[in-house]
Amino acid sequence: MRTIDFRSDTLTKPTDEMRRLMYEAEVGDDVYGEDPTVRRLEELAAETVGHEAALFVTSGTQGNQLALLSYCRSGEEVIVGEDSHIYLYEGAAPAALGGIQLRPVAETEGCMDLAAAVRAIRDETDIHQPRTRVLCVENTHNKAGGRVIPVEKMEQLYMLAKKRGLSVHMDGARLFNAVVASGASAKQYGQYVDSVQFCLSKGLSAPVGSVLTGTKEFIAEARRWRKRLGGGMRQAGVIAAPGIYALENMVERLEEDHANARELAVRLNELPGLKVQAESVETNIVMCEIIEGGHSAESFRDLLLENGIKASPFGEGVVRFVTNRHVAAEDIEETVQRIKKALHRAVLR
Ligand code: TLP
């Protein structure tokens with residue numbers, strides 16, 4: 001039986017064209033600023049979001065952490081969504097590496113509540129309190145099921161942050177999914193953040209890396225932090241080349257992943273014992289709740305696995321399916337049929 005793998009879009013492999021470009025990439029020592037391919041990627045990335053400068057980094061986590069380390073000194077605070085990747089899945093890096101405190105606030109539909117964010121901003125004049133420095137948003141929002149933050153909402157949040165003297169960082173690991181789904185450009189999002197981190201290695205299918213963008217001064221500071229943390233790379237052009245290809249050629253096809261996710265959501269919701277809020281599936285992530293049949297997220301994952309389907313437990317009673325370039329439209333029908341039969345057999349057992 002062929003395995004259909006929905007665990008993540010990080011699993012996507014480089015295309016043949018990407019491999020050819022990797023082979024042919026012109027390279028140099030990037031710590032000396034001499035890798036022309038890395039420079040080209042950084043220029044393209046900055047231009048894409050309308051920022052002054054960019055830095056090629058090893059991963060989304062590194063991009064987010066370099067941003068926070070560049071904005072904050074030890075003892076300062078960053079406001080994040082309570083279900084954000086930075087808060088839940090980055091190993092408490094701000095605390096571990098920079099003495100930075102994260103302040104989680106409530107989120108609705110994948111974006112922090114503006115009123116909650118305002119309440120969380122500290123009083124500058126009170127010496128008991130840490131200083132608030134940054135507001136972080138996640139677009140698309142992973143744990144909220146790939147929700148897109150509308151540009152209008154970003155504008156409101158940005159205006160609020162500026163009024164209070166705060167910087168805004170966007171964890172745009174899946175920024176281009178938001179772009180494709182909303183029809184807003186990366187530049188439109190870029191104008192309402194001070195920095196954004198986006199991943200090349202998720203749905204865009206590059207093998208490695210992310211880019212952090214912002215002002216020249218901010219990127220110079222992030223470059224220093226990247227070196228300090230051992231992230232200075234040498235002939236990195238071999239991994240930057242597929243990143244350039246990803247930005248130029250792999251964005252539009254994300255719509256296929258979104259269409260597959262919508263179809264999967266509707267079909268899973270029709271199966272007994274499963275619940276998916278299909279109308280809120282905007283991009284490539286489907287959160288499936290197990291509401292009957294006695295399965296935990298882990299036992300449902302195991303049942304899927306026995307039937308050649310891979311997906312990830314993502315919280316209590318929830319399994320996450322992420323559509324990606326290696327899942328074709330026909331695989332959605334096949335997946336639904338396999339799950340339907342498996343649930344039926346499980347009831348008879
Ligand atoms: N997310 C991974 C896992 O860590 C959960 C996945 O499979 O979705 N921000 C967001 C919103 C992310 O979803 C991820 C990766 C990251 C940052 C971190 O990127 P990497 O894995 O490149 O460090």
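Helix α8 (residues 175-182) gives the most to the lining of the second largest cavity, with three residues, where helices (H or I, at least four residues) and strands (E, at least two) are DSSP runs numbered from the N terminus. The model is predicted, with local features needing pLDDT of at least 70 and side-chain atom pairs counted only at pLDDT 80 or more, while totals for chains, interfaces and linings use all residues. Residues are numbered from 1 along each chain as its sequence is written, and side-chain values use heavy atoms, with hydrogens and water left out.

**Cavity count**
- There are two cavities of 30 Å³ or more, a cavity being a set of points, on a 1 Å grid over the protein atoms alone, where a 1.4 Å probe fits but cannot get out, with lining residues having an atom within 4 Å of a point.
- Grid points are joined across faces, edges and corners, and a volume is the space filled by probe spheres set on the points.

**Largest cavity**
- The largest cavity has a volume of about 40 Å³, and its lining consists of G81, S84, E107, G110, C111, M112, C136, V137, E138 and H141.
- Two or more residues of this lining come from each of β6 (111-112) and β7 (132-138), with β7 giving the largest share, three residues.
- By class, this lining has four nonpolar, four polar and two charged residues, where Ala, Val, Leu, Ile, Met, Phe, Trp, Tyr, Cys and Pro count as nonpolar, Asp, Glu, Lys and Arg as charged, and the others, Gly among them, as polar.

**Second largest cavity**
- The second largest cavity also has a volume of about 40 Å³, and is lined by A173, R174, L175, F176, N177, C199, K202, G203, L204 and L254.
- The lining of the second largest cavity has six nonpolar, two polar and two charged residues.

Key:
On a 1 Å grid over the protein atoms alone, a cavity is a set of points where a 1.4 Å probe fits but cannot get out, and a pocket is an open set with protein on both sides within 12 Å along at least five of seven lines; lining residues have an atom within 4 Å of a point.
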